[in-house]
Every structure is written in structure tokens, then in C-alpha cells.
Amino acid sequence: MMINMIRVEKSHFPVAARTHAGMSGKNNEDRFAVTAFSTGKDKSAPVLLAVLADGIGGHRAGEVAAEIAVNRITQTVADSNGQNPISLIEGAIQLASQEIFQAAEEDVERKGMGATCAVALLTGNQLYMASVGDSRVYLLREGKIYQLSNDHTWIQEALDLGLLEPEQVVGHPNAHVIRRFLGSARPPEVDFRLRFNEQENDRQSLANQGMRLQRGDLLLLCSDGLTDLVKDAEILEICSQQAIEPAADALVDLANTRGGHDNITVILVQVSGPAADSKPPAKIKTWVGITCLSLVILAALVAGIWLGWNWLRQGIQPTQTPSPQVPLDASAQPDVFETVVTPQPIPTNPSPLLETPVQSTLESSIATIEALSTDVLDGATLTPWPTNTLPPVTQ
């Protein structure tokens, strides 16, 4: 039986999220939601979903579209069993796009409304992400920043085709022309390219889906209100020098200091706990060391017993007891007594009594290490952010 995901109050990674209308005086048409789930038969497999949408399309219509996008994507994932993350995310985004288009068709004042979106789904420490539009997903790792998502804008297409040079981008009249968005008549193509290296081709970027995050990684989802005014290098510097809560504030404040001409939303996810390729925690290393030492001592003891037994075997030979001294005038010849000591052969297979302590020690050690690993991985933290969304849309 497939088990649907269960919403929980704690996430397995710390999260900080901020949204601000900016300094232009317009409505905040950004929306976001961060939701923690558990899945599996024992409800212990942690899942974290982050969704960010930037609304477009006129007075109040943009925020309605962003609202629908965040709610529908979140609810669709919540109603699933968490299997097949790529198909799950794609279906959720396509469904949200159709719902936005239908809502616009039913209200003339919302005609043409839409939204961009960025989605990150973390199952344990595996990352699955998708984007439509110019909302971005970044990864900060070991002093470097990587833009994982791809912008779907006129500018980016011109750059890719070599029609523009990077220095021509600033101030270009088509800077905010979006080529893909949720709410179009035809559902948009969801971009699953996870570009970890600029030299990767599209196939390699797609193969990065499900990549394992490392301890110390920082994941950032943001709207273009941040990236229009704050450079990647500045994002890296701010996030490298502060914890995620003050870093989120600092990013928003810097964008507003430089004009804040658009809505600004940031979601920061700090990857904590052991990663697949990180060194084991000190607690586990200690237990491993103790276990190894115990096995060495036990092996030395077994070897000592075997050597001792072998030495005793070689030292014992067959002997005869001398005939008792009898007087010459005895009337009868005494019997001769002979005692032969036959050494026992060394067993070909080790004794079960010698196997048991080793077997027991290994099983106990493995159980201890697994228990410790679970404790570390389950270091949950409260999710103090608001969802900033309406209640889930029901059909």
C-alpha cells in the first residue's frame, strides 16, 4: 500500500524566508510556501518542499496568479506519496498553470495574469528542482555560488545565441520580457536542467537531478527583485559571513537600499547533518574505534589460544610406564601396564564458541552505528516562517 506524505511541524533542515514589497509602493505580488513532510511506513523519511512564485499581469492579478501557483503546487505534492519527484513536480506545475489560465478566462480583470515559479524538493539530502520564468535557484558550496536554474527570458536567449554580450544586458529594454510563465494558453515546458557547471550540456544538467547535498551547503530560492539589484558575488559574501536568518534580512535590505524597484523574496535552506560524502561525526568515529580495538584484542586472544594448544600438542608424546620391580623369588610374573596418550587433532573449523563473540560484537557495533546515524540525521528544527498563502485551493 502506498502511503501519502504527512505534513509535519519540523523540517530536517533549518530554513529562513523573507518577502518584501520593495520601495516602489506597488503591491507584493510574490508568494512562497515552505512545507515539511514525512513519508514511509514509519513516517520517518524527511521531505522539504520550497515553492516561490512571482506574479505578473496587472493590478492584483499577479498576486492572484502567484497565490494559485504556490497553493496548487504545494497541495499536489502533499496529496502524493512522494514517489517519482520529477513527474510529481512537473504535474504540479502544469496543473497550477492550467488553473491560473482558467481563472483568468473567467474574470476579465485578470485576463493575461501569470506567474513565474521556482521549486525545490528535498528528499533526505537529495535535491530535485524545477523552474519556469526568471525566479532562480542557487547553491552555495565551499566558498562558491552556482546558479542551478536557467532564466527563461528574452535576454538569456539573446545571450545564448550570441546576439548580445553580457555588458549589453544592463538597461536593455527587453530585460524583463519573460518567455515562459504559468498561466499561458499552452502549459509551459518545465525546466529540469540543474546546471552545476557552466560547461555542462543539457543532458548532463538533467542528469544532476537528485544530486546529494553536502553538509554546509546553502540553497537559495529568490525572485528577480533580488537578482536585478544584488550580484551573485554579493549574495555569496553575505551568506558566507552570517547565519541564515540575518543573511536573509541582509539580502532584502541591500536590494531595498539600491532602489527596491520590485518585490523581493528569498528562501534559504541550510543543509546540516552528515552528507553522503562527508566525514563521519566524532561520536560515530569513537564507536568505530572502540569496536575495532575490541576486535583486535579478541583476535589476539583467539590466536593465543590456538598457538598454546598447538604447543601443548607437540610437547606430548606416547609413553610407557615402567614394569614394577618384583622380587626374584616371586611366584608369578607381574602384568605389564602401558598407557598411551593420543593427542586430539586441531579442529578444521573454528569452534562456535570462538565465533560467537566476534559475531555478536559486529552485530552490536553495526546496530550502534546505525542508531547514531539516525539520531544525527533526525536533528529537526522548527519552521518559523509564514507560508504567506491562502488556504489550499479545493476543487
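A residue is called buried when its relative accessible area is under 20%. The views below show a predicted model.

**View 1. Glu63 is a buried residue of helix 1.** The residue Glu63 belongs to helix 1. Because its relative accessibility is 10%, Glu63 counts as buried. Apart from neighbours within four places in sequence, the contacts of Glu63 are Asn27, Asn28, Glu29 and Arg31. Cover extends along the helix: 18 of the 18 residues of helix 1 are buried. From its first C-alpha to its last, helix 1 reaches 26 Å, close to the 26 Å expected at 1.5 Å a residue.

**View 2. Gly82 sits in the loop between helix 1 and helix 2.** This loop joins the view of helix 1 (61–78) to that of helix 2 (85–105). Residues up to four places away in sequence being left out, Gly82 touches Met5 and Leu88. Asn4 is 78 residues from Gly82 along the chain, and the C-alpha atoms of the two are separated by 7.2 Å.

**View 3. The largest nonpolar core has 36 residues.** Within this core, the residues that touch the most other members are Ile73, Ile89, Ile93, Met113, Val119 and Leu182. Two or more residues each are given by strand 4 (30–39), strand 5 (45–56), helix 1, helix 2, strand 6 (114–123) and strand 7 (126–132). Helix 1 provides the largest share, ten residues. For Leu182, with residues up to four places away in sequence not counted, the contacts include Ala69, Ile93, Ala96, Met113, Val132 and Pro188.

View 4. The order of the strands is 3-12-11-8-9. Strand 3 (15–20) and strand 9 (144–147) stand at the edges with a single partner strand each, so one side of each has no neighbour in the sheet. On average, and with direction ignored, neighbouring strands are turned by 15° against each other. Within the sheet, strand 11 (residues 218–222) and strand 12 (residues 264–270) run antiparallel and are joined by five bridges. Leu221 has Ile267 of strand 12 as its bridge partner.

View 5. Buried in helix 6 are Glu234, Ile235, Leu236, Ile238 and Cys239. The elements covering these buried residues include helix 5 (224–227) and helix 7, together with strand 8, strand 9, strand 11 and strand 12. Helix 7 (residues 244–257) lies across strand 3, strand 11 and strand 12, and runs at about 20° to strand 3.

**View 6. The whole protein contains nine helices and 13 strands.** Of its 395 residues, 41% are buried. Among contacts between residues at least 6 apart in sequence, 73% join residues at least 24 apart. The accessible surface comes to about 21900 Å², and carbon and sulfur atoms account for 56% of that surface.

Note on methods. Residues are numbered from 1 along each chain as its sequence is written. This is a predicted model: local features need pLDDT of at least 70, side-chain atom pairs count only at pLDDT 80 or more; totals for chains, interfaces and linings use all residues. Side-chain values use heavy atoms; hydrogens and water are left out. Helices (H or I, at least four residues) and strands (E, at least two) are DSSP runs, numbered from the N terminus. Contact means heavy atoms within 4.5 Å. Two strands pair if DSSP finds at least two bridges between them. Axes are lines fitted to C-alpha atoms, for helices over the stretch in contact, and angles run from 0 to 180 degrees between N-to-C directions. A nonpolar core is a set of buried Ala, Val, Leu, Ile, Met, Phe, Trp, Tyr and Cys residues joined through side-chain atoms within 4.5 Å. Buried means under 20% relative accessible area, exposed over 50%, partly exposed in between (1.4 Å probe, protein chains only). Accessible areas come from the Shrake-Rupley method with a 1.4 Å probe; for residues, only the protein chains shown count as cover. The expected span of a helix is 1.5 Å times one less than its number of residues.
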